[in-house]
Amino acid sequence: MARDTITGSRIRERRSMAGIRQADLARAVGISPSYLNLIEHNRRRIGGKLLLRIADVLGVEPSLLSEGAEAALIADLREAAADADDAQPELERVDEFAGRFPGWAALLAEGHRRIGALEHTVTTLTDRLTHDPHLAGSMHEVLSMVTAVRSTAAILAETPELEPEWRGRFHRNINEDATRLAESSRRLVAYLDGAGDAGASLTSPQEEVEQMMAARGYHLPELETGQASPDAIVEEATGLDTAAARSLAQTALRLYRADAQAMPLDKMAATLAEVGIDPAALSRRFSVPPVAVFRRLAAMPDEVMPAPVGLVTCDGSGTLVFRKQIAGFDLPRFSAACPKWPLFSALSRPQTPIRRTVTFAGRDPRAFDAYAMSDRIGPASFDHDPLHIAYMLLVPRGAVQPGAPLVGSSCRVCPVEECPGRREPSILVDGI
Amino acid sequence: MGKRVLLIEDEPNIIEAISFILSRDGWSVATHANGHDAVDKVTAHAPDLLILDVMLPGKSGFEILRELREAEPTRGLPVLMLTARGQTKDREMAERAGVSRFMTKPFSNADVLDAVRELVAV
């Protein structure tokens, strides 16, 4: 049933819920019962003042009865239907369902949203519990201290003839363990509090740098204009708590400054407006390597970008060393990433540009153009094998492309069932 | 002199508490705090029972246990393993390595005493 024909169904539903007889409602709004009957059976269109009067008598917002009122609800229901595996909801009757049973429909939509939120939390926590050595170490430390306290306390409580020397020693031990336990527990809680907010707890110097850049929107005007040096920015930055993080940040900002000098903001903005997000064209236009374009695009302010972009880099071991997140393509914090990312193909084909359109598998599959390329670190040497860093720029593509390779975040949270690259079971396929 | 127990554990206050309760129960207790040379320590000390932590600096309790089971003198040594890692897979790993008894932290003193007595059959 088409959307624009079901206002009557909603009126009938709301009237029944309010316990008002059809004849009473018709009289209250000044129409005949037979005409209201036709409206309620969707045989007459309704709008304007009559709709307002009916809404007033029924005590509901007119929008609840009108055509567009449930657009968001219907969109949610369609999304829930799209995520269904075995159930086959009657999609052609979704409008009727939302109109006749708004409460049930809202409940279903809310349930679907809640499942999505819970899956996200489970994904984050499972990732952390499975791959986070910091968490495992902290838990072990806490349990060991609890064991020591329990054992010592039991000795004190159950040994009445305990010598003063032993008693004093065990009291000191308990005090010492309790102090350590309090501190460890506080750190652990602070760490776990970040479970729902991936950026809230940092575990490595790289992440401190990422967080600093994210807080600045990946764009530093004072570095663009030369008003501040990389060292000065690092000096004043908050959140760079370790010397390693500050050193990494200085290196990253020097590279940023070099890219900004090679591709000044105003010229970059003008060229972007002309050619769009085309790394090859930008590389030719500015006579810079594609990887420099990748970095520069990730540092552009939102207002000059035709679309947001993501960026991820890895070293030769495949370890992710920088992430600029983009909606729809999850870049894992702790786990090893999907081996099907073009990022890793770039490692095996040094300094060769690669472009692949991929579909990121998930509840809401998205298509991306992934531009990847690796670059040598440091000068060439006859005496040492080169080290490489690989870059992958992610540009949203819009509609999912038929036949595009499916990629994921990491195996543990990837829903793709048949994958030759799978390293471990997925909690989304095989359950937790 | 009571039967000999060797305790390999890196948490000093657990070492002190377990040593105390076992000593009061009549056992002769020796201790060691790292995994590097734990196998040598066991071989040299020749205890009647080994209490072994899993997460030790240098070498894990699982590795130590496997090495002990491969050597003739320690193949039948009763080993009580203590660990904060109580998942099924850890328990299974300990069983495959040849553990005699597996106990997860935090445990009670009474449980430790009972296990030690049973394993050495006093």
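What follows is a chat about a predicted model with chains A and B.

Me: Before anything else, how are residues and chains numbered and lettered?
Reply: Residues count from 1 along each chain as its sequence is written, while chains are lettered from A and ligands numbered from 1 in the order in which they are written. The model is predicted, with local features needing pLDDT of at least 70, side-chain atom pairs counting only at pLDDT 80 or more, and totals for chains, interfaces and linings using all residues.

Me: Start with chain B. What is its secondary structure?
Reply: Chain B has five helices and five strands. These are DSSP runs numbered from the N terminus, helices being H or I with at least four residues and strands E with at least two.

Me: In what order do the elements run?
Reply: β-α-β-α-β-α-β-α-β-α, from the N terminus on.

Me: How much of chain B is buried?
Reply: 41% of its 122 residues. Buried stands for 20 or more other C-beta atoms within 10 Å of the residue's own, exposed for 12 or fewer, and partly exposed for in between, with C-beta atoms placed from the backbone.

Me: And what share of the contacts with a separation of 6 or more is between residues 24 or more positions apart?
Reply: 58% in chain B. A contact needs the two C-beta atoms, placed from the backbone, to lie within 7 Å.

Me: What does UniProt place at B:Asp53?
Reply: An unreviewed UniProt entry gives "modified residue: 4-aspartylphosphate" there. UniProt positions are in the numbering used here, feature names are shortened, and annotations may be inferred rather than shown by experiment.

Me: Where does B:Asp53 sit, and is it buried or exposed?
Reply: B:Asp53 belongs to strand 3 of chain B, residues 49–53. It is buried because 25 other C-beta atoms lie within 10 Å.

Me: Which residues does B:Asp53 touch?
Reply: Leaving out residues up to four places away in sequence, B:Asp53 touches B:Ile8, B:Glu9, B:Asp10, B:Gly61, B:Leu82 and B:Thr83.

Me: Switching to helices. How do helix 1 and helix 5 of chain B pack?
Reply: Helix 1 (residues 12–24) and helix 5 (residues 109–120) of chain B pack at about 55 degrees, with axes 11 Å apart. Axes are lines fitted to C-alpha atoms, for helices over the stretch in contact, and angles run from 0 to 180 degrees between N-to-C directions. That makes the two helices of chain B oblique; under 35 degrees is roughly parallel, over 145 roughly antiparallel, 65 to 115 roughly perpendicular, and the rest oblique.

Me: Which residues make that contact?
Reply: B:Ile18, B:Ile21 and B:Leu22 from helix 1 of chain B, and B:Asn109, B:Val112, B:Leu113 and B:Val116 from helix 5 of chain B. By class, six are nonpolar, one is polar and none is charged. Nonpolar covers Ala, Val, Leu, Ile, Met, Phe, Trp, Tyr, Cys and Pro, charged covers Asp, Glu, Lys and Arg, and the others, Gly among them, are polar.

Me: Now chain A. At what angle do helix 2 and helix 3 pack?
Reply: Helix 2 (residues 22–29) and helix 3 (residues 33–40) of chain A pack at about 105 degrees, with axes 8 Å apart. They are therefore roughly perpendicular to each other.

Me: Last topic: how many residues does each chain put into the contact between A and B?
Reply: Chain A gives 14 residues and chain B gives 15 residues. On the side of chain A that touches chain B, helix 9 (133–158) and helix 10 (164–192) each supply at least two residues. Helix 9 of chain A has the largest share, twelve residues.
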